[in-house]
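Biologist: Hi! Could you walk me through this one?

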Amino acid sequence: MIEIDSVTKRFGDFTAVNEVSLHVRAGEFLTLLGPSGCGKTTLLRMLSGLETPDSGTIRIAGEDVTHLPPYRRNVNQVFQSYALFPHLSVRDNIAFGLRMQKTPKDESRRRVAEVVELVALGGFEDRMPHQLSGGQRQRVALARAIVPNPSVLLLDEPLSALDAKLRKQMQVELKRLQKRLGMTFVFVTHDQEEALTMSDRVAVLDRGRIVQLGSATDIYHRPGNAFVADFIGEANLIRAELVNRENGTTRARAEGGLELRVPTTSWPGDAKQALLLVRPEKLCVSKKPVEGAENLFEATIVEEIFQGAFDHLVLRTDAGAVLSAVVPNESAIMEALHEGDRVWCGLHCDDLVVLSAD
Amino acid sequence: MHGFLGGASDNPHARRPRVWGWVLLAPMLAWLALFVVAPALILLAYSFASRGALGAVQFGFSWDNYARIFLPSDGRMIYVDILRRSIGYAGLTTLLCVMIGYPVGWFIARRPPALRERLLMLVMIPFWTSFLIRTYAWIAILKREGLLNGLLKASGAVPHIFPEPLDLLYTPTAVVIGLVYAYLPFVILPVYASAEKLDGALIEAAHDLGAGPLRVFREVVVPLTRPGITAGMLLVFVPAIGMFAITDLMGGARVPMIGNVIQNQFTKALNFPFGAALGVVFTLLFVLSYAVLRWLGGRKTEKAK
């Protein structure tokens with residue numbers, strides 16, 4: 001659906017997007033994820049035509065749109081600020097795109113009614129934007145962008161202005177809407193949780209480049225480098241040295257002297273050093289020795305942070321490494337873990353991700 | 001209602017003034033009562049009086065002064081004609097000011113903030129010089145042996161394009177040039193104020209939804225800067241219609257506008273009552289044009305509320 005081919009965009013000395021190539025499939029929900037300044041919004045704006053690449057080409061639905069102005073592209077955008085026209089009612093805002101396309105009045109009225117139904121804005125058609133709540137404005141922006149039936153819908157952090165609860169709800173609704181319409185969505189966010197929840201695929205950007213492209217589970221469980229590992233979810237990143245490779249097992253010594261068995265196949269070649277990634281929820285913490293864990297070591301809970309459904313624990317292993325772990329909250333049948341407790345930590349070697357050290 | 005200068009009277013926290021509010025307002029109210037309401041009432045009283053010997057005012061109640069304005073004498077209604085001409089010149093001035101000032105105000109508002117301030121400064125700088133001196137400068141430019149004709153001669157435009165030096169001074173053209181020059185900032189500033197508030201994302205959104213530059217201008221930019229346009233029009237039209245200094249200096253006696261006629265009644269003809277009647281008609285005309293503009297502006301912005 002979208003073919004981005006080694007596209008570069010500079011602003012003065014700053015290279016916002018650097019030789020990026022990316023193919024977006026038809027009907028896919030693709031998220032551009034990265035910290036602010038990583039180039040994700042610039043990339044999106046080049047898809048909508050609000051910015052023009054310095055080099056490279058962009059094709060949408062087979063057509064070269066690299067230098068096409070936004071009003072000649074069959075692509076619509078949901079803006080971060082919503083950008084609703086303050087002088088037009090909800091109905092006129094939504095119908096704006098159809099009016100620009102000179103859609104016949106009857107058809108326009110029918111399509112607006114349909115989309116109003118779709119985003120559950122019935123009864124609000126005659127309101128002005130300033131009379132709506134944040135969530136309603138968001139729906140109007142969404143309706144306005146999908147009613148012209150674009151081949152691609154671009155969303156620039158559309159949920160960032162909503163409060164946490166509404167944001168969660170809209171994530172689910174957006175995903176549902178996308179499935180129902182079968183429309184290609186390109187979604188920009190800096191919120192990794194949002195990206196994981198909604199996307200078919202996620203492109204992680206850093207300093208103008210795509211550093212990893214894959215499904216949500218891919219980038220979470222198998223991050224390609226330390227940046228992705230650290231940016232997505234919580235991560236214990238531990239520097240480790242190769243100890244030995246014998247009989248199909250590889251052992252490494254982590255900083256602080258903790259020795260761990262790591263998956264042989266993933267150790268990078270004959271490197272002496274590597275980074276080990278341990279997701280906090282992969283650590284099995286218990287007062288009794290954990291069964292079936294290839295790596296088992298003792299630790300002390302130095303901090304306990306209550307997070308509602310979960311407890312966040314900071315552990316100091318006897319070998320001196322500091323790790324964070326996430327465990328389910330205590331319950332009648334689950335043991336309670338508290339600050340100062342001595343515990344066993346179990347870690348299966350397949351739950352360890354080995355990353356190149358540099 | 002919407003204020004003309006993009007007013008923020010929608011503020012839901014706006015409260016009715018209590019005691020302290022009135023105390024703070026008192027100096028202003030006193031000033032208005034003393035220097036606006038009272039003189040207007042005196043003017044109204046004068047307008048029904050008549051001129052005695054040596055210009056003394058003889059009070060009474062007669063419509064004679066108004067009849068002199070609105071009834072034809074010798075088949076001509078010179079005062080109505082002058083009024084009409086005044087409206088025409090002021091209207092033309094307003095139109096030209098909007099046509100020139102709108103793009104300027106828009107342009108300045110769309111610059112980066114640091115540059116914006118410097119450009120606004122350029123708009124204000126002429127105000128540092130006395131208005132009369134600037135008008136005299138225009139005389140020096142437009143007169144027969146002035147700067148403009150000098151340039152035309154030096155460049156060969158005279159006699160090749162124009163056979164004769166241009167006789168601009170003391171013509172309606174000169175008056176309109178002077179008026180446009182004097183009132184241009186009064187369009188630029190309010191247009192700037194409303195354009196500066198316009199969120200650039202709205203223009204992008206309109207482009208994104210398929211509107212080309214012209215349609216964006218018509219559908220988004222004009223409606224959202226309308227308060228600035230209306231304020232600018234009002235700020236130009238109302239004073240331009242009564243202006244007498246520029247018409248005096250640049251139009252000579254040949255292009256009298258209503259302001260000049262009124263001034264003459266008071267200073268030369270010493271017919272205070274007739275001058276007062278002209279003044280009353282003139283004031284009513286202001287109120288009327290204000291109401292019309294306000295209604296036009298309000299009708300359009302009503303939807304935006």
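Modeller: Happy to; we'll take the sheet, then the contact between the chains. This is a predicted model, where local features need pLDDT of at least 70, side-chain atom pairs count only at pLDDT 80 or more, and totals for chains, interfaces and linings use all residues. Residues are numbered from 1 along each chain as its sequence is written, with chains lettered from A and ligands numbered from 1 in the order in which they are written.

Biologist: What order do the strands of the open sheet have in chain A?

Modeller: The order is E6-E7-E8-E3-E9-E10 in chain A, six strands with mixed pairing. Strands (E, at least two residues) and helices (H or I, at least four) are DSSP runs numbered from the N terminus, and two strands pair if DSSP finds at least two bridges between them.

Biologist: Which strands stand at the edges?

Modeller: E6 (75-78) and E10 (209-214) of chain A; each has a single partner strand, so one side of each is left without a neighbour in the sheet.

Biologist: And in which sense do E7 and E8 of chain A pair?

Modeller: Parallel, over five bridges, with E7 at residues 152-156 and E8 at 184-189 of chain A. Leu154(A) has Val186(A) as its bridge partner in E8(A).

Biologist: Switching topic: how many residues of chain A are in contact with chain B?

Modeller: 18 residues of chain A, against 18 of chain B; contact means C-beta atoms, placed from the backbone, within 7 Å.

Biologist: Which element gives the most on the chain A side?

Modeller: H2(A), with three residues. Helix H2 spans 90-100 of chain A, and E6 of chain A also supplies at least two residues there.

Terms used
Two residues are in contact if their C-beta atoms, placed from the backbone, lie within 7 Å.
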